[in-house]
Amino acid sequence: MKNILTGDRPTGRLHIGHYVGSLKRRVELQNKAEYDHFFIEIADAQALTDNYDNPKKIRENVMEVALDYLACGIDPSKVTIFIQSEIPALCELTFYYMNLVSLARLERNPTVKEELKLRKFEGGSIPTGFLTYPISQAADITGFDATIIPVGEDQLPMIEQTREIVRSFNHIYGATLVEPKAILPKNESCQRLPGTDGLAKMSKSLGNCIYLADEPETIRQKVMGMYTDPNHLRIEDPGQVEGNTVFTYLDAFCKEEDFVNYLPEYKNLDELKEHYRRGGLGDVKLKKFLNEILQAKLKPIRERRKELEAHIEDVYAVLKEGTIAANQYCDMVLKRVKEAMGIDYFTNDALLKVQQEKGQ
Ligand code: ATP
Ligand code: MG
């Protein structure tokens with residue numbers, strides 16, 4: 001079996017980090033790969049673990065994320081898009097998996113640790129739901145028998161946690177669940193695109209994003225304000241390419257034909273980098289080049305999004321139908337899980353028989 005599952009938290013609109021980290025791959029997989037089922041989850045329940053006091057934000061962004069998917073070319077005739085909180089079987093799976101994971105293991109999860117530093121929960125009190133969200137994510141993955149997970153690099157600890165749960169479950173209750181495998185973007189700079197502020201990760205919750213739906217002027221302003229090499233003060237100074245966010249974005253987005261179109265005095269990115277390192281190449285020129293590339297990339301997405309917004313009932317219908325299909329699949333997996341655990345009391349009369357035999 002080959003099932004693909006991936007998803008996003010509806011904490012805001014999707015950004016170019018999502019695009020290079022996962023969305024682009026999803027569209028390729030949808031069109032090229034062989035698979036039995038392809039699910040995309042809008043993880044609203046997970047988003048509530050650190051936004052429990054702002055359900056309005058999460059609710060509003062469910063539709064925004066769906067619009068972003070369709071605008072990027074996700075095709076609902078090939079992919080089942082669903083809303084996490086509408087799948088009750090996921091809560092049941094989470095509850096049983098909780099027994100298989102120690103508190104210490106959860107506290108060791110590097111992504112959770114990193115996010116805890118960023119989220120700064122009030123009074124330092126971490127909601128249990130937040131600490132345990134990797135378990136709920138294991139339910140999302142195994143609840144759809146997912147074997148392939150196209151994600152950014154920050155998700156690797158979650159997939160590892162899921163694999164551990166699968167192994168532990170199968171060991172205790174018999175072969176029931178399948179182990180998933182993450183697939184990362186091949187291009188390293190796409191695995192964790194930094195924010196426009198140069199911070200380690202572009203993230204909806206950090207306000208350092210270029211959104212897929214941003215208007216041309218907003219994109220331009222964000223690019224022109226981007227973090228580069230703080231020591232590159234005068235054009236003639238030698239500049240540093242490593243850790244320079246503009247170059248990371250160029251690594252992620254730039255193709256050779258972009259030079260022909262927008263910067264013909266250079267052949268390719270290596271030449272551009274070389275000049276920057278040598279000195280004599282200004283940040284403004286670089287940023288203008290990046291801006292051209294991003295504008296061209298985002299224009300069709302933004303335009304398609306506007307068309308979709310004009311037919312929002314259709315987007316709503318996609319979510320509704322996808323959620324019905326997802327429920328059917330996940331109910332089937334939950335049934336299998338409960339059978340394996342011997343807690344399927346009324347699907348057969350085994351429970352009754354045991355008592356009757358005892359009485360004989
Ligand atoms: P939040 O701040 O609410 O966590 P986010 O921006 O991190 O939001 P998620 O919904 O958590 O986005 O992530 C969805 C998917 O996009 C995951 O597969 C994740 O790995 C990928 N992703 C998110 N940000 C980036 C990024 N900056 N670079 C590459 N991939 C990313
Ligand atoms: Mg995230």
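**View 1. The largest pocket and the residues at its centre.** In this predicted model the largest pocket is lined by 41 residues, and those lying nearest its centre are Arg 9, His 18, Asp 154, Gln 155 and Lys 201. A pocket here is, on a 1 Å grid over the protein atoms alone, an open set of points where a 1.4 Å probe fits, with protein on both sides within 12 Å along at least five of seven lines, and lining residues have an atom within 4 Å of a point. The volume of the largest pocket is about 780 Å³, a volume being the space filled by probe spheres set on the points. As this is a predicted model, local features need pLDDT of at least 70 and side-chain atom pairs count only at pLDDT 80 or more, while totals for linings use all residues. Residues are numbered from 1 along each chain, ligands are numbered from 1 in the order in which they are written, and side-chain values use heavy atoms, without hydrogens and water.

**View 2. Ligand 1 in its pocket.** The space that ligand 1 takes is the largest pocket, where sitting in a pocket means that more than half of a molecule's atoms lie within 2 Å of its grid points. Around ligand 1 there are 22 residues, and Thr 11, Asp 154, Lys 201, Ser 203 and Ser 205 come nearest; a residue counts as near if one of its heavy atoms lies within 4 Å.

**View 3. Side chains facing oxygen atoms of ligand 1.** A polar side-chain atom of Thr 11 lies 2.6 Å from an oxygen atom of ligand 1, and for a polar side-chain atom of Lys 201 the distance to an oxygen atom of the ligand is 2.5 Å.

Conventions. A polar contact is a pair of N or O atoms within 3.5 Å; within protein, one must be able to donate a hydrogen and the other to accept it, and residues adjacent in sequence count only if both atoms are side-chain atoms.
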